[in-house]
Amino acid sequence: MSTATTTERKAPRGERVADWADGRLGIYSLAKANMRKIFPDHWSFMLGEICLYSFIIIILTGVYLTLFFHPSMNEVVYHGSYVPMQGVQMSEAFASTLDISFDVRGGLLIRQIHHWSALIFVAAMVVHMMRVFFTGAFRKPREVNWIFGFLLLVLGMFTGFTGYSLPDDLLSGTGVRFMEGAILSVPIVGTYLSFFLFGGEFPGGDFVARFYSIHILLLPGIMLGLLVAHLILVFYHKHTQFAGPGKTNNNVVGMPLLPVYMAKAGGFFFLVFGVIAAIAALASINPIWALGPYRPDHVSTGAQPDWYMGMPEGLIRAMPGWEINLWGHTLVLGVFIPLLLFPLVLGAIAVWPFIESWVTGDKREHHILDRPRNVPTRTAFGVAWIAEYIVLLIGGGNDMFAQYFHLSINSITWFVRIGFFVVPVLAFIVTKRICLGLQRRDHDKVLHGRETGIIKRLPHGEFIEVHEPLPQGKLHTLTSHEQYKPIELGPTVDENGVERKVTRGEKLRAKLSKGLYAEGNQIPKPTAEEYKEIQSGHGHH
Amino acid sequence: MSSQDIPEDKHLPSEQGDAHHGAVAVADDPFADPGLPVHKPRIQDIDERAAKRSERTVAMLFTLSMLATVGFIASYVSIPVDKIIYVFPIGKVSALNFALGLTLGVALFCIGAGAVHWARTLMSDVEVADDRHEIAAPADVKAKVMQDFADGANESGIARRPLIRNTMLGALALVPLSGVMLLRDLGPLPEKKLRKTVWSKGKLIINQNTMEPLRPEDVLVGSLTFAMPEGLEEDQHDFQVQIAKAALMLVRIKPEDIKDKQELEWSHEGIVAYSKICTHVGCPISLYEQQTHHVLCPCHQSTFDLSDGARVIFGPAGHALPQLRIGVNDEGFLEALGDFEEPVGPAFWERG
């Protein structure tokens with residue numbers, strides 16, 4: 001510290017601490033770049049925050065649970081305070097979960113907060129991903145962050161699965177059995193994989209301990225790394241923003257981190273935590289005491305996985321039971337195909353950004369978000385993906401749907417089998433029509449103004465509705481989106497009449513480009529000339 | 001992907017958000033960006049009384065949070081862990097869980113609500129713009145990095161000394177094998193383990209409800225009886241593994257209703273014994289339809305016809321349930337006449 005400052009004034013205590021830290025960590029330079037960093041405001045930007053906060057809540061409550069949970073499959077006879085289970089033989093894992101629920105004060109609350117947060121975490125990730133998808137926020141320079149986010153979703157699903165398998169209750173054991181059956185279906189190595197994972201035959205005495213280390217260390221460790229990288233990139237790229245007056249691709253308009261977002265985002269953490277705590281107080285989740293300990297020969301009806309595993313569940317329920325027996329081997333297609341489709345269906349959304357950037361060939365940075373309607377084909381693809389997901393969720397809960405809606409389970413299964421192929425196509429077509437309709441409406445609004453609802457009678461008796469021209473800011477917002485032109489392959493023979501080789505890839509690219517941007521797949525934006533002509537001409541129409 | 005024949009820039013639109021800068025004079029363009037709108041003051045910005053009201057609201061929320069935390073501690077200390085109360089409309093709940101959750105929820109929520117209300121009503125809401133800078137480095141930075149890398153690579157001599165490079169790559173490629181090797185003892189090899197169960201000739205069939213050996217007259221028409229092999233005890237160390245394969249279900253069907261010839265042969269007076277473990281992914285089958293003799297797996301709804309060799313009639317299962325050949329011993333108890341002739345449970349590669 002320089003002596004000059006000490007002689008002039010004694011720095012206040014806080015400043016001296018900050019000086020100490022700066023001399024060792026360089027915090028002033030860090031703060032200069034970030035303390036007053038500008039964040040734009042939009043409700044949909046909070047979805048990612050919900051993911052972050054529920055993840056933090058999961059870690060906090062998860063650490064608490066490890067203090068009481070025994071990840072062991074040793075068989076014990078229960079003597080705890082839950083009377084209906086006294087004298088029942090169960091694994092230590094199940095017994096310690098009963099203890100957490102009935103003997104540790106607040107243990108049940110923390111268990112329920114942990115489980116509810118996990119459901120909300122994965123749900124928030126899906127919705128956050130949809131926000132990023134439909135607004136095109138994945139475009140350059142954010143493709144890598146899109147992949148990080150997608151990996152977090154996949155890892156979140158498996159962390160959830162390994163987590164709810166730990167109590168070794170009847171329901172989760174059934175889920176683990178399903179997983180074992182799926183692993184067995186893998187050609188050539190499936191049986192070995194299963195024996196190595198379970199330490200021998202199912203269920204064996206190892207999987208709880210193994211799942212435990214995967215659930216509390218391996219997967220969350222990777223996720224924590226990805227999450228930090230995800231956040232660093234959000235800071236580094238600066239947040240995207242929607243088009244609007246004063247907002248360009250070269251600036252970011254909003255309010256500073258200190259104090260506004262510190263308060264809003266920090267406060268939002270407490271809001272999310274508070275709501276989840278209240279849910280955990282009011283709504284029971286995974287009441288393992290009502291299910292009992294796992295036994296491979298027992299099961300209850302209405303066995304449902306946690307919601308995010310409903311999609312693979314739907315695949316496995318809807319698939320016909322194909323099996324091929326050849327040369328003394330069995331190819332279990334009825335289980336193996338769903339196992340392959342699971343990553344393929346999930347991954348379809350993950351690869352879209354790369355397909356889109358290949359088709360457009362656009363190497364520029366994009367920081368202004370698209371309105372979903374302005375990119376009809378992308379939006380239609382996203383909705384088709386969601387529709388597929390929902391069809392599979394229905395398939396995963398076919399017994400529940402049959403029961404609640406008094407339908408035949410066989411017809412629901414057949415609906416899923418056919419709907420798997422048909423529903424996404426229908427969703428695609430309908431969404432595209434809606435997007436184009438909305439674009440037309442924007443087009444008319446720009447050129448003819450807003451409908452005021454005022455009916456005016458003209459001197460010659462005609463009734464017209466008065467349209468009010470939009471303010472300039474609104475006009476700008478509605479016309480500032482980009483419109484790509486479809487790429488042309490050009491003539492297949494050059495000027496000398498020599499045939500030019502057009503690769504398959506290029507043909508595909510031109511075709512996709514047409515599908516995305518050709519006439520009929522987007523409505524041309526109104527031009528300034530059109531606008532002036534209409535406004536100067538007959539005023540309102 | 002080379003795309004030299006497709007002009008890269010022709011189809012690209014002008015920059016988003018900046019569409020109207022440049023060629024057209026801003027004054028001339030009705031769609032031009034008018035710039036950031038003027039800040040509209042909130043009531044709190046102009047009326048000190050409103051600002052005071054907001055301040056009191058925020059302080060009240062924070063105070064409420066403090067009270068809720070006190071309530072949390074009081075509940076923790078005073079409510080017995082096993083107390084059950086009735087709460088409308090959710091029903092009977094643990095009093096402690098209910099009180100702790102709600103007080104914690106309120107304590108947290110009020111901090112959040114206070115902070116957000118403070119930010120929205122009292123902190124500045126003037127929107128400001130920050131410049132963005134391109135993520136990609138300028139050409140001179142890139143050139144410097146390339147040069148540095150080339151210098152470093154050059155100084156290492158990795159290109160000049162391929163022997164070192166190749167042996168290093170070889171060593172690095174091999175060393176993870178030790179790690180893979182170490183995974184070998186995660187479990188034993190499958191061998192024939194999935195083909196065998198504890199059933200064998202002469203084993204009595206134990207009713208799972210009564211834990212007594214079954215006699216033919218115990219298996220009634222229209223009921224599904226769950227059974228396990230004699231000698232399998234719950235406290236046995238491999239009980240779970242064995243029951244996962246040996247679980248059995250018995251039904252009585254009128255012999256003339258049995259359509260499958262082998263099924264009839266392997267039955268005793270119309271009593272048929274089938275593996276309870278679904279051939280799809282291994283859930284225990286537990287639903288039985290008396291009239292049709294169909295059984296249904298509650299997990300994925302595979303349906304089997306027990307009067308016709310337990311063939312699959314609906315759902316994702318790929319093959320019929322294995323049947324256990326049964327008979328009656330001298331003392332009139334049902335007994336197994338051997339093990340299952342094919343593996344029970346889900347199919348696997350070596351099943352054949």
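The domain assignment, which is automatic or taken from a database, divides chain A into domain 1 (1-35), domain 2 (42-240 + 257-318) and domain 3 (371-489 + 501-541). The model is predicted, with local features requiring pLDDT of at least 70 and side-chain atom pairs pLDDT 80 or more, while totals for chains, interfaces and linings use all residues. Residues are numbered from 1 along each chain as its sequence is written, and chains are lettered from A in the order in which they are written.

The C-alpha centres of domains 2 and 3 of chain A are 37 Å apart. Contacts (C-beta atoms, placed from the backbone, within 7 Å) link 14 residues of domain 2 of chain A to 19 residues of domain 3 of chain A. On the domain 2 side, helix H6 (107-134) and helix H13 (310-318) of chain A are the elements that give two or more residues; H13(A) gives the most, with seven. Helices are DSSP runs of H or I of at least four residues, and strands are E runs of at least two, numbered from the N terminus. Chain A has 20 helices and 10 strands.

Of the 541 residues in chain A, 44% are buried (20 or more other C-beta atoms within 10 Å of the residue's own, placed from the backbone). A nonpolar core joins buried Ala, Val, Leu, Ile, Met, Phe, Trp, Tyr and Cys residues through C-beta atoms within 7 Å. The largest such core holds 179 residues, and those touching the most other members include A:Phe273 and B:Leu248. Its largest share, 17 residues, comes from helix H3 (residues 95-121) of chain B. Beyond its neighbours within four places in sequence, A:Phe273 contacts A:Tyr53, A:Ile57 and B:Leu108.

Key:
A residue is buried if 20 or more other C-beta atoms lie within 10 Å of its own, exposed if 12 or fewer, and partly exposed in between; C-beta atoms are placed from the backbone. Two residues are in contact if their C-beta atoms, placed from the backbone, lie within 7 Å.
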